Amino acid sequence: MNGKTPCSVITDVDLTMRNVIRRVFPNVHRRLCAWHLLRNAQSNVKKCEMMLYLKRCMLGEIEDDEFDRVWSEMVNLTDFVQQFHMCLTYLRFREFEANFYSNNGEPEFETNYHSLETFAVKHMTKEMFLLFAPYLNRASFIRVVDCHETSMLSIFTVLKYSTSIMWQVSYCASKTQFKCSCTRMESIGLPYEHILAAILHLHFSEVPKSLMLDRWSKHAKEGIVRCYAHGSNYWNLDSMAKYVTLVQISRQVCDFAHRDQEDYDHFMNLLGCQLNRMKVKYSAVLAVETDVNP
């Protein structure tokens with residue numbers, strides 16, 4: 001393409017592809033493949049009627065009003081609200097379970113590098129720590145055989161005792177950043193044994209922040225809460241479930257109430273009163289949040 005970066009890239013949900021695209025094309029929009037989405041829907045829902053509606057919503061050239069009608073019919077057909085609640089209940093259980101095991105009790109140390117393990121236990125989720133610990137253990141069998149200094153970088157050559165294969169690990173002291181020729185850090189999102197060997201050689205007592213991805217940490221949700229503090233429920237599964245339920249019920253009420261003037265007037269008056277009540281109720285809370293987060 002003569003060096004021109006694409007505007008978007010269509011893939012499936014493969015994690016490695018997503019990481020590579022983010023690194024090579026940081027400004028590209030990554031889109032999910034429609035074929036994969038339809039295949040997954042068909043294998044999970046197993047309702048032929050629903051597929052006709054979903055294909056029309058995804059692939060059909062229809063106006064907004066027609067889309068809302070088709071989507072509403074599909075939702076009623078698949079009993080969407082009930083299934084959505086079941087999914088959220090399962091996700092909440094898994095999240096609470098993961099938080100409990102990550103924050104209660106500490107895994108047994110597997111290496112002699114207790115300072116690094118203690119730091120990892122404190123910041124990583126338990127699941128990620130169990131992946132990290134074997135890398136740290138294998139790093140003890142790798143030695144630094146050469147170090148080349150440049151104006152910006154220290155380039156370590158590391159060698160595993162049982163093999164003759166060498167890797168190069170670059171270290172930028174000003175940014176505390178490591179990169180390895182094996183590129184496994186970029187692939188798996190955890191510092192691999194080659195980088196850890198260089199860290200041990202430099203006598204680090206903590207894993208550098210550049211090697212601690214937020215998504216693997218115990219504090220991953222804190223950034224999401226701050227980003228969506230004003231009005232978004234995406235970070236709060238319970239709030240999201242309540243919000244979606246209200247939207248679905250409200251849509252069904254609207255489908256009927258607009259057909260009869262008496263019903264229309266009744267619900268407009270009812271909703272108007274409730275809206276004014278809630279504005280008064282939450283106005284003080286919103287004012288405090290605005291003062292705290294200008």
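The structure is a predicted model, in which local features need pLDDT of at least 70 and side-chain atom pairs count only at pLDDT 80 or more, while totals for chains, interfaces and linings use all residues. Residues are numbered from 1 along each chain as its sequence is written, and side-chain values use heavy atoms, with hydrogens and water left out.

Helices (DSSP runs of H or I, at least four residues) and strands (runs of E, at least two) are numbered from the N terminus. Helix α3 covers residues 48–59, twelve residues in total, and its first and last C-alpha atoms are 16 Å apart, close to the 16 Å expected at 1.5 Å a residue. The expected span is 1.5 Å times one less than the number of residues in the helix. Residues are sorted here by relative accessible area, with buried meaning under 20%, exposed over 50%, and partly exposed in between (1.4 Å probe, protein chains only). In α3, the buried residues are Met-50, Met-51, Leu-54 and Cys-57. Seen down the axis of α3, these residues fall within an arc of 130°, so they line one face of the helix; the arc is that of the directions from the helix axis to the C-beta atoms. The other side of α3 carries Cys-48, Leu-52 and Leu-59, which are exposed.

Which residues does Met-74 touch, leaving aside those up to four places away in sequence? They are Met-50, Tyr-53 and Leu-54, where contact means heavy atoms within 4.5 Å. Met-74 is part of helix α4 and counts as buried, at 6% relative accessibility. Although Met-74 and Met-50 are 24 residues apart along the chain, their C-alpha atoms are separated by 5.9 Å.

Aromatic rings come next. A pair of aromatic rings is described by the distance of the centres and the angle of the planes. Rings of Phe, Tyr and Trp (its six-membered ring) pair if their centres lie within 6.5 Å; planes under 30 degrees apart count as stacked, over 60 as edge-to-face and the rest as tilted. Across the whole structure, five aromatic pairs are found. One of them joins Phe-67 and Trp-71, whose ring centres are 6.0 Å apart with planes at 15°, so this pair is stacked. Both residues belong to helix α4 (residues 64–78), where they sit four residues apart, about one turn of the helix. Phe-67 is partly exposed, at a relative accessible area of 30%, and Trp-71 is partly exposed as well, at 27%. Another stacked pair is formed by Tyr-171 and Phe-178, with ring centres 4.5 Å apart and planes at 25°. Here both partners are buried, Tyr-171 at 12% relative accessibility and Phe-178 at 5%. Together with Phe-204, Tyr-171 and Phe-178 form one aromatic cluster.

The UniProt record, in an unreviewed entry, places the feature "domain: SWIM-type" at residues 167–203. UniProt positions are given in the numbering used here, feature names are shortened, and annotations may be inferred rather than shown by experiment. Over residues 167–203, the chain is 38% helix and 27% strand, with the end C-alpha atoms 19 Å apart.

Finally, there are the charged side chains. A salt bridge is a side-chain nitrogen of Lys or Arg within 4 Å of a carboxyl oxygen of Asp or Glu, and by this rule the count comes to four. Within helix α4, Arg-69 and Glu-66 lie three residues apart, about one turn of the helix, and they form a salt bridge whose closest N and O atoms are 2.6 Å apart. Arg-69 is partly exposed at 37%, as is Glu-66 at 23%.

Glu-193 forms a salt bridge with Arg-138 (2.4 Å, N to O). This pair links distant parts of the chain, with Glu-193 in helix α9 (residues 193–201) and Arg-138 in helix α7 (residues 126–139), 55 residues apart. Glu-193 is buried, at a relative accessible area of 4%, whereas Arg-138 is partly exposed at 29%. Glu-193 also meets Lys-160 in a salt bridge (3.7 Å, N to O). Lys-160 lies in strand β4 (residues 154–160) and Glu-193 in helix α9, so this pair ties together parts that are 33 residues apart in sequence. Lys-160 is partly exposed, at 22% relative accessibility. Elsewhere, salt bridges with shared partners join Arg-56, Glu-66 and Arg-69 into one network.
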